[in-house]
Structures are given as C-alpha cells and as structure tokens.
Amino acid sequence: MVKIKEVVKTYGDSVVIDHVSMTIPKGKITSFIGPNGAGKSTLLSIVSRLIAKDHGEVLIDDQEVSTANNKELAKKLSILKQSNHINVRLTVRQLVSFGRFPYSQGRLTELDKKMIDSAIKYMELEEMEDKFLDQLSGGQKQRAYIAMVIAQDTDYILLDEPLNNLDMKHSVKL
C-alpha cells in the first residue's frame, strides 16, 4: 500500500501540493484526475522519489521512500513520466531490457529475457524490437516505454499520461 501523508511541495511562492493525504491500495487501479497544473505529475514524482517533498511522508509498504534503498525501491515501484527523452541511441529491446536492471544489474538471466520477451509481446513490438527508438512513431515509442515498465515487474506502476500518442487499439489494451 502507498500512503501519502500531509505532503507539501512548493516552488518559490507557489504551493503545488498542499497537505495532500491519501492511500493507494496495492493491486488496484487508482487515477488522479484534474486540470493541467493541478500537481498530479508532481505528486507522482514525489511518490517515486524523482523530486523531494518539502513536508510530509510517503510510505510504500510502510517504508518511507526517502530512506528506502534505491535497488529495493526499484523492485517495488516503477514510473513512466509523460515525456521521456533518452540521448543514447537504443533499440526497443535494449530499452525494455533497462526495466530488468534492478534485478540483473546489467547481466540478464533467462528469467530477465523471458520478462523482456513477454513485455515486448504484450505491447505488440516484436516486429520492431531491433529498430532504434528514433526510427519509431510517437505511439510506437510510448509502447516501448510502457513495455520497459512492464518488464520491471513491480508491485506499483505509476503512469503519468500513459495514453500519450497511443492509438485507440493500444489505449484500450493498456
């Protein structure tokens, strides 16, 4: 379970997150709905420890994320931001393989390869798994990033605008 308690985040004089408290159950789908600028992405970034909170607590399975071991947290929680830019030329398979890094530390096992294959198949990327990301459409890239998160095989997946660039078929499937 993810517990968010009295979380605050400010940027200068702007309060973006103002004493937010909530519980996100394990194994359920929870959506944050609100207008642009409401703080949804900021809250997800705080939960995933991409940015620091100014006040409050974020607990994942009763452990404060700010003191959690990086490697262990990466086995429990994955995140897909709404915009992803990698400055390295990677194939789809190489990108999806990054999802297994918390487990393999770069030395892929047979289980890792199975998880990668499964994620690629689920997102219907088999025909393009050897293509470079810069050769793909926006929707194909988004599917590759989603496959990476799926391959990470965590208890909690945080998706920030996951349907960006996806066609109707893949939006419904996701």
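In this predicted model, the buried residues of helix α1 are Lys40, Thr42, Leu43, Leu44, Ser45, Ile46 and Val47. Because 7 of the 8 residues of α1 (residues 40–47) are buried, the helix is largely enclosed by the rest of the structure. Its buried residues pack against five strands, namely β1 (2–11), β2 (14–24), β3 (55–60), β5 (77–80) and β6 (156–159). Just after α1, Arg49 adopts a positive phi of about 70 degrees.

Two of the strands that pack against α1 also pair with β1, as tabulated here.

The β1 and β2 strands form a hairpin with 2 residues between them. Within that turn, Gly12 has a positive phi of about 65 degrees.

The nonpolar side chains may be considered next. The largest nonpolar core contains 21 residues, and those with the most contacts inside it are Val92, Leu95, Val96, Leu125 and Leu133. Two or more residues of this core come from each of α3 (92–98), α5 (110–122) and α6 (138–152). The greatest contribution is that of α6, with 7 residues. Apart from this core lies another, of 17 residues, among them Ile4, Val7, Leu43 and Tyr156.

Leu125, one of the residues with the most contacts inside the largest core, is in contact with Val92, Ile120, Gln140, Arg143, Ala144 and Ala147, leaving aside its neighbours within four places in sequence.

Definitions and conventions:
Residues numbered from 1 in each chain as written. Predicted model: local features only at pLDDT ≥ 70, side-chain atom pairs only at ≥ 80, totals over all residues. Heavy atoms only, no water. Buried < 20%, exposed > 50% of the residue type's maximum accessible area, 1.4 Å probe, protein only. Helix = DSSP H or I, 4+ residues; strand = E, 2+ residues; numbered from the N terminus. Contact = heavy atoms within 4.5 Å. Pairing = 2+ DSSP bridges. Core = buried A, V, L, I, M, F, W, Y, C linked by side-chain atoms within 4.5 Å.
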